[in-house]
Amino acid sequence: MRKAFRRGEISSALKNSLSLQPLLAAVGSTPVPMKTHLTIGSRGSQLALRQANFVKTQLETSHADLEIRIKIIKTSGDIKTEPLAVIGGKGVFTKELEDALLDSRIDIAVHSLKDLPTIVPAELVIAAICEREDPSDALVLRLADNGESPSLSNLPQRSVVGTSSPRRLAQLKFRRPDVHVKDLRGNVDTRLRKLDEGQYDALILAAAGLRRLGLAARINASIPSSEMLPAVGQGALGIETRAGDEFTIAAVSHLNHEPSRVACTAERALLRALGGGCQLPIAGHAELQGEELSLEGLVAEPEGKQILRSALSGPIADPEALGVKLAERLLEQGAGELLGER
């Protein structure tokens, strides 16, 4: 992935686009009640806790006077074992966390942004998007030494590939209609164990999750976006708070990485305008290139028989408009009909 900005470097155009500005403008305009502690809500998986502890450490470093706690919240996606498409993918990993925010049981919810619906309750706000990790999908093989460079095209005929993502399934079947795609649930360790036991020949997982867990060595190949466009928001962490909680919004504001926020805002606008969620075969990825924002989007027939793909560039200052414009282009090309076939 091309990085147009080094850490800490933001262009003048990007500074003028600060999407946190309306939130932070209110902070400091009136006295803000002080807090002595903040509670972070997290799912109980190893990856979710690793992400929550990252946020906790960052807050402790910048706010030594605050006590930061982590509270584990069980979500529907953690409890139910049916395929995500059956239990309803949109919000199954986030709703209970948002309920805990609304009930003031927690002050901060840490989400994998790709799991967070594009429409959040009016009382809540995404107060920060952390600097994005590798957004690509990763190919993880059970038997890697076959004399060829690992890739989707080099998978043996009729390989059994594990994924629970309709987006990955559709793009994989489009390129490799011979493979057998088998549903895959569980945390990362469980998924890797099932692979090593021989239940699958290969898995497709988010590279960011493997890297955050210290499992980068399990990545046999990063799948280029030309072969598999990532999920909207993949690799990014979303920090959600109550909209009226000025103290917490100010506390987490330094975690916001504006280039990542701008890119993810365009992607989420694309997904929202298409009327989709994480359980539809929709993909989108944006990159900052100088003073421009480049956005690519994809909509697929669920079994990968047809794929629509398009791209647009526009000014950094209005990522929402770019996402909506690309969605309109895809709909004009027939995306609505493809999504209607699910």
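Over which residues does pLDDT stay under 50? I looked this up before anything else. The stretch is residues 1–13. For these residues the model has 24 contacts beyond four places in sequence. I note that this is a predicted model.

Next, I checked the chain as a whole. Its mean pLDDT is 88. I also see that 83% of its residues reach 70 or more.

Then I turned to a helix pair. Helix 11 covers residues 258–274, and helix 12 covers residues 319–332. They pack at an angle of about 35°. Their axes are 7 Å apart. Helix 11 passes helix 12 in a right-handed crossing. Which residues make the contact? From helix 11 I list, among them, Val262, Ala266, Leu270 and Arg272. From helix 12 I list, among them, Pro319, Glu320, Gly323 and Leu330. By class, I find twelve nonpolar, two polar and two charged residues in this contact.

Last, I looked at the rings. How many aromatic pairs are there? The count, taking ring centres within 6.5 Å, comes to zero. I did find a charge over a ring: Lys182 lies over the face of Tyr200. The distance from the ring centre is 4.9 Å.

Terms used
Residues numbered from 1 in each chain as written. Predicted model: local features only at pLDDT ≥ 70, side-chain atom pairs only at ≥ 80, totals over all residues. Heavy atoms only, no water. Axes fitted to C-alpha atoms, helices over the stretch in contact; angles between N-to-C directions. Helix = DSSP H or I, 4+ residues; strand = E, 2+ residues; numbered from the N terminus. Left-handed = near helix turned anticlockwise from the far one by under 90°. Contact = heavy atoms within 4.5 Å. Nonpolar A, V, L, I, M, F, W, Y, C, P; charged D, E, K, R; others polar. pLDDT = per-residue confidence, 0-100. Phe/Tyr/Trp six-rings, centres within 6.5 Å; stacked < 30°, edge-to-face > 60°. Lys NZ or Arg CZ within 6 Å of the ring centre and 35° of its normal.
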